[in-house]
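Subject: Structure for you to look at

Hello,

Here is the structure I said I would pass on. My notes on what turned up follow below it.

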Protein chains: 2
Amino acid sequence: MQLLKDRIRKDGKIKEGNVLKVDSFLNHQMDVKLFHEIGLEFQRRFENEGINKILTIEASGIGIACLVAEVFDVPVVFAKKTQTKNIAGDVYTTQVESYTHGRIYDIIVSKEYLGEGDKVLVIDDFLANGKALEGLIQLVKDSGAELVGAGIVIEKGFQVGGEIIRNQGVHLESLAIVESMDEKTGEIVFR
Amino acid sequence: MQLLKDRIRKDGKIKEGNVLKVDSFLNHQMDVKLFHEIGLEFQRRFENEGINKILTIEASGIGIACLVAEVFDVPVVFAKKTQTKNIAGDVYTTQVESYTHGRIYDIIVSKEYLGEGDKVLVIDDFLANGKALEGLIQLVKDSGAELVGAGIVIEKGFQVGGEIIRNQGVHLESLAIVESMDEKTGEIVFR
C-alpha cells in the first residue's frame, strides 16, 4: 500500500533495537483518515470472503480495527489482556509473550462474542515475532469460528512472525513489510 | 440520546456491585455503526467549537474516540496506562485510581501530540467516580492545550464523577445518564 509506505518513510522514526516508531499516526496519535484507507485496502484484499467479524487485541489494534470494521460493515471484538471484574467467567483464553513489555500475559475473549458461524478477520497494527497474532488465531480456533485471514498494517519482515503464520496456511496480508531499516541513515527498505 | 438508551435497555445487563455490563456493543464487542451515530450526536453537542483533537484513554475508549474523530475530521490521541519502550521520555503524566481494577496507575501522553493550540474534546465510554476523566483533563491542562469539553457515552449518575467534573466548569455531555438500576428487576432509570 503505497500511501502507507510513503507515510512510514515521512513520519516513521527508527530507534535503537529495531524499533520503528510510528506513534505520530498509528499507535498513539491516530490518523483516522489513513485508517479508513487501510480499511478499503483490506476490503480489496479480502473480497467476497463473507467476513462477519473483526477480531483485534487491545490497545493499539482497536482504532484500526474499528475503521476497518466500518468499511466491512461488521462488529469488532477485541481480546483483553487481563481479566477484569466486568467480564464473566465464560471466556476463551490463551497466553501471549510480549516482546515490547517483556512479560507473558493472558488474553481473553468472551464466549458470547466469538463462536461457530463467525467468519473472522484478525486485524493488528504490527507483526514482528508473531506472538500476539498466534494468540488471536488460537482464540479463533478454540471458539469454533472460521479464520478467514489476518490483516496487518506493518510487518517487520526481518523477524520470524510472518513466516511462521504463513507456514500455517493462514491468509496473511501485510500492507507494508519492512525488509530492513537503518537507524543511522533513517533508510527503510520495503519488501 | 434515545437510540443509545434503547440499546442499553435492550442489551445492557445489570450485575452485582452496580456494574452495568454493555460489552455486547460498547466495550468488548463494539458496534461501530452505533459509534458513528454517537459521533454525530457529539458533533451536534459540540458544534462550532473548533475542536482539532480528540483525547481518550486505552483501551475501551479508543474505538468510540476513533469513530467520533472521523465525524469531526480530526486525529485521536490516546493516553497510555503504562510506560512502554516505544514512547520516548518526553511525556505528560498523571496518576489515576481505577475502581474496576482496584489499583493506581500512571497515564501518559507524549508531549509531541498534545499542546498549545490544540482544542481538545475528551471522549470516554464510562463516567462513574470520574478518576480517569479527571486524569485526562489534568493532562490537557498540563500540556497548555484548551479543553473544549468532555463527551461520555454512559454516565452513572448515582456516582460522584459527573458532579465533580461539572462543578469544575467543564462542558460535560453524557449521552445516557443512569440515575438508578435494579439488579433484581433489570430496570434502568435514566435522568
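Lys21(A) counts as buried, at 7% relative accessibility; buried means under 20% relative accessible area, exposed over 50%, and partly exposed in between (1.4 Å probe, protein chains only). Its salt-bridge partner is Asp23(A), with the closest N and O atoms 3.5 Å apart. A salt bridge here is a side-chain nitrogen of Lys or Arg within 4 Å of a carboxyl oxygen of Asp or Glu. Asp23(A) is buried as well, with a relative accessible area of 5%.

This is a predicted model, in which local features need pLDDT of at least 70 and side-chain atom pairs count only at pLDDT 80 or more, while totals for chains, interfaces and linings use all residues. Residues are numbered from 1 along each chain as its sequence is written, chains are lettered from A and ligands numbered from 1 in the order in which they are written, and side-chain values use heavy atoms, without hydrogens and water.

Over all chains there are 28 salt bridges. In chain B, Asp31(B) pairs with Arg7(B) at 2.7 Å between the closest N and O atoms. Asp31(B) sits in the loop between strand 3 (29–30) and helix 2 (32–45) and Arg7(B) in helix 1 (residues 2–11), so the pair ties together parts 24 residues apart in sequence. Helices (H or I, at least four residues) and strands (E, at least two) are DSSP runs, numbered from the N terminus.

In helix 3 of chain A, 11 of the 13 residues are buried, so this helix is largely enclosed by the rest of the structure. Just after helix 3, Asp73(A) takes a positive phi of about 60°.

Regards
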